[in-house]
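Try each task before you read its solution.

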Amino acid sequence: FYFTRNKLTKMSLSPTHRHTELKSGSQVINLAILSYTISMSDRLLMSIVIIPMSLEYSWGLSTQGFILSSFGVGYLSTQVLGGVAAKKFGSRIVLPAAVLA
């Protein structure tokens, strides 16, 4: 839709343009799903692998808690920084960078 002389006019899109919009939109969605999967895997696996890591490196409960807490703080801070970056640069730039990082 666009405005001309105080009228709202419907813009007709060519089939090629519609396909390009759908393709780029599905790429963003697929990247979001991939980043969510990686994030949830990290959160799940960190709580599991802390046990063998603590046995291997002789970590006490306070060290284990510090490691798990620092993982949570890092997760929270990257969510905030990612949101700010997405607002400034757009999701089409930030999502691929976040997935590849």
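**Exercise 1.** Find which helices each supply at least two residues of the lining of the largest pocket.

*Solution.* Start with the helices, which are DSSP runs of H or I with at least four residues, numbered from the N terminus. Helix 1 (15-57), helix 2 (61-89) and helix 3 (91-100) each pass the test. Next, look at who gives the most: that's helix 2, with 10 residues.

A quick note on ground rules: this is a predicted model, where local features need pLDDT of at least 70 and side-chain atom pairs count only at pLDDT 80 or more, while totals for chains, interfaces and linings use all residues. Residues are numbered from 1 along each chain as its sequence is written, and side-chain values use heavy atoms, with hydrogens and water left out.

**Exercise 2.** Work out which aromatic rings pair up, and how.

*Solution.* First, the rule: rings of Phe, Tyr and Trp (its six-membered ring) pair if their centres lie within 6.5 Å; planes under 30 degrees apart are stacked, over 60 edge-to-face, and the rest tilted. That gives 1 aromatic pair. The partners are Tyr-57 and Trp-59, 5.3 Å centre to centre with 25° between the planes, so they're stacked.

**Exercise 3.** Decide whether Tyr-57 is buried, partly exposed or exposed, then do Trp-59.

*Solution.* Buried means under 20% relative accessible area, exposed over 50%, and partly exposed in between (1.4 Å probe, protein chains only). Tyr-57 has 48% relative accessibility, so it's partly exposed. Trp-59 comes out at 25%, so Trp-59 is partly exposed too.
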